[in-house]
Amino acid sequence: MFIAETKKIVVGPPDDDKTVMGALISKEHLEKVTGYVKLAQREGGKLECGEEPLSLPEKNKYGYFMRPTIITNLSDGNRCMQEEIFGPVTCVVPFKDEEEVIGRANDVKYGLCATLWTENLARAHRVAQKLDVGTVWTNCWLVRE
């Protein structure tokens with residue numbers, strides 16, 4: 001479901017009412033983010049989505065647009081799992097239980113933010129307290145009050 005919903009995100013210019021996600025800030029930023037995706041592929045990562053060509057208006061064809069990308073099949077030591085990409089890329093890996101995923105999440109050099117997705121509020125509180133990050137969102141992302 002996550003992959004299917006991600007594929008529905010409309011990438012395009014801000015003056016198009018259908019656009020959900022716009023361009024990255026610069027050519028260098030786009031190259032950095034796509035560089036991480038290429039690195040993940042070289043290291044065995046599987047792109048679940050993000051490679052589909054964009055259909056942009058002529059005036060935007062040379063902009064720094066990138067589809068949201070989901071990568072699977074990465075080990076915890078992969079740079080994409082250890083570093084902040086700062087782009088529309090997420091790496092998805094399975095885990096067995098809370099203890100394992102908390103340990104893995106806390107075993108990164110950076111820890112700016114985390115997002116928990118669960119139907120169990122007690123689990124959300126329990127896991128959030130154990131994560132060594134600056135901000136934890138539950139069942140949302142980038143929502144600030």
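Cys113 is partly exposed, with 39% relative accessibility. This value comes from a predicted model. Cys113 takes part in no disulfide. The nearest cysteine sulfur belongs to Cys140, and it is 11 Å away. A disulfide needs two cysteine sulfur atoms within 2.5 Å.

Cys91 is buried, because its relative accessibility is 19% and the cut-off for buried is under 20%. Cys91 is in no disulfide either. Its nearest cysteine sulfur is that of Cys80, 5.0 Å away.

## Nonpolar cores

In soluble globular proteins, nonpolar side chains tend to be buried together. Here the largest nonpolar core has 14 residues. Met66, Ile71, Cys80 and Val89 touch the most other members. Two elements each give two or more residues to this core: the helix α2 (27-42) and the strand β3 (89-91). The most come from α2, which gives five.

Look at Val89. Which residues does Val89 touch, leaving out those up to four places away in sequence? They are Val33, Val37, Met66, Thr69 and Ile71.

A second core is separate and has five residues. Among them are Ile102, Ala114, Val127 and Leu131.

## Salt bridges

The model has eight salt bridges. One of them joins Lys59 to Asp15, with N and O 2.9 Å apart. Lys59 lies in the loop between β1 (46-49) and β2 (69-72), and Asp15 lies in the loop between α1 (2-7) and α2, so this pair ties together parts that are 44 residues apart in sequence. Are these two residues buried or exposed? Lys59 is exposed, at 64% relative accessible area. Asp15 is exposed too, at 53%.

Lys8 pairs with Glu5. Their closest N and O atoms are 3.0 Å apart. Lys8 counts as exposed because its relative accessibility is 56% and the cut-off for exposed is over 50%. Glu5, at 40%, counts as partly exposed.

Arg79 bridges to Glu83, and the closest N and O atoms are 3.0 Å apart. Arg79 is partly exposed, at 42% relative accessible area. Glu83 is partly exposed as well, at 26%.

Some salt bridges share partners. In this way Asp76, Glu100 and Arg104 are joined into one network.

Conventions: Residues numbered from 1 in each chain as written. Predicted model: local features only at pLDDT ≥ 70, side-chain atom pairs only at ≥ 80, totals over all residues. Heavy atoms only, no water. Core = buried A, V, L, I, M, F, W, Y, C linked by side-chain atoms within 4.5 Å. Buried < 20%, exposed > 50% of the residue type's maximum accessible area, 1.4 Å probe, protein only. Helix = DSSP H or I, 4+ residues; strand = E, 2+ residues; numbered from the N terminus. Contact = heavy atoms within 4.5 Å. Salt bridge = Lys/Arg side-chain N within 4 Å of Asp/Glu carboxyl O.
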